[in-house]
Amino acid sequence: MINLKACKSCNTITEAAKCPRCGGETSREWQGYLVVIDPEKSEIARKMGIHAAGRYALRVK
Ligand SMILES: [Zn+2]
């Protein structure tokens, strides 16, 4: 089973203990799966301050 975690700082979803994007701490307690393909065209991505394509969690505890 894949144990996905999400970064507490930038919400990036990863399997690593540290975020590969910002080096932040990751948490297993997250909700909502968001795939951003084109951040400039995604309203949710803009609201969340996402500027790069990738997989993100909507909420991280
Ligand atoms: Zn991060």
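Is Asn 11 buried or exposed? I started my notebook with that one, and Asn 11 turns out to be buried, with 24 other C-beta atoms within 10 Å. The cut-off for buried is 20 or more such atoms, so Asn 11 qualifies. A reminder to myself before going on: this is a predicted model.

**Entry 1: more on Asn 11**

I looked up where Asn 11 sits, and it lies in the loop between E1 and E2. Next I checked its backbone and found phi near 70°, a positive value in a residue other than glycine.

**Entry 2: the overall layout**

I then stepped back to the whole chain. I found 1 helix and 5 strands in the protein. Read from the N terminus on, the elements run β-β-β-β-α-β.

For dimensions, I noted that the C-alpha trace spans about 30 × 20 × 20 Å along its principal axes. The radius of gyration is 11 Å, which agrees with the value near 10 Å that a compact globule of 61 residues would have. Of the 61 residues, 21% count as buried. I also looked at contacts with a separation of 6 or more: residues 24 or more positions apart account for 34% of them.

**Entry 3: the sheet**

Which strands form the open sheet, and in what order? I found 3 strands in the order E2-E1-E3, with antiparallel pairing. Strand E2 (13-14) and strand E3 (26-27) stand at the edges with a single partner strand each, so one side of each is left without a neighbour in the sheet.

I followed the pairing of E1 with E2, which is antiparallel and runs over 2 bridges. In this pairing, Ala 6 has Ile 13 of E2 as its bridge partner.

**Entry 4: the nonpolar core**

Which residues make up the largest nonpolar core? I listed 8 residues: Ala 6, Cys 7, Cys 10, Cys 19, Trp 30, Tyr 56, Ala 57 and Val 60. Strand E1 (5-7) and strand E5 (54-60) each supply at least two residues of this core, and E5 gives the most, with 3 residues. As background, nonpolar side chains tend to be buried together in soluble globular proteins.

Leu 58 is partly exposed, with 13 other C-beta atoms within 10 Å. Not counting residues up to four places away in sequence, Leu 58 touches Gln 31, Gly 32 and Leu 34. I also took a distance: the C-alpha atoms of Leu 58 and Ala 45, 13 residues apart along the chain, are separated by 9.8 Å.

My last stop was Lys 47, in helix H1 (residues 43-48). How many other C-beta atoms does Lys 47 have within 10 Å? I found 8, and Lys 47 is exposed. From Lys 47 to Leu 34, 13 residues apart along the chain, the C-alpha separation is 13 Å.

Key:
Residues are numbered from 1 along each chain as its sequence is written. This is a predicted model: local features need pLDDT of at least 70, side-chain atom pairs count only at pLDDT 80 or more; totals for chains, interfaces and linings use all residues. A nonpolar core is a set of buried Ala, Val, Leu, Ile, Met, Phe, Trp, Tyr and Cys residues joined through C-beta atoms within 7 Å. A residue is buried if 20 or more other C-beta atoms lie within 10 Å of its own, exposed if 12 or fewer, and partly exposed in between; C-beta atoms are placed from the backbone. Helices (H or I, at least four residues) and strands (E, at least two) are DSSP runs, numbered from the N terminus. The radius of gyration is taken over C-alpha atoms; the globule rule is 2.2 Å times the number of residues to the power 0.38. Two residues are in contact if their C-beta atoms, placed from the backbone, lie within 7 Å. Two strands pair if DSSP finds at least two bridges between them.
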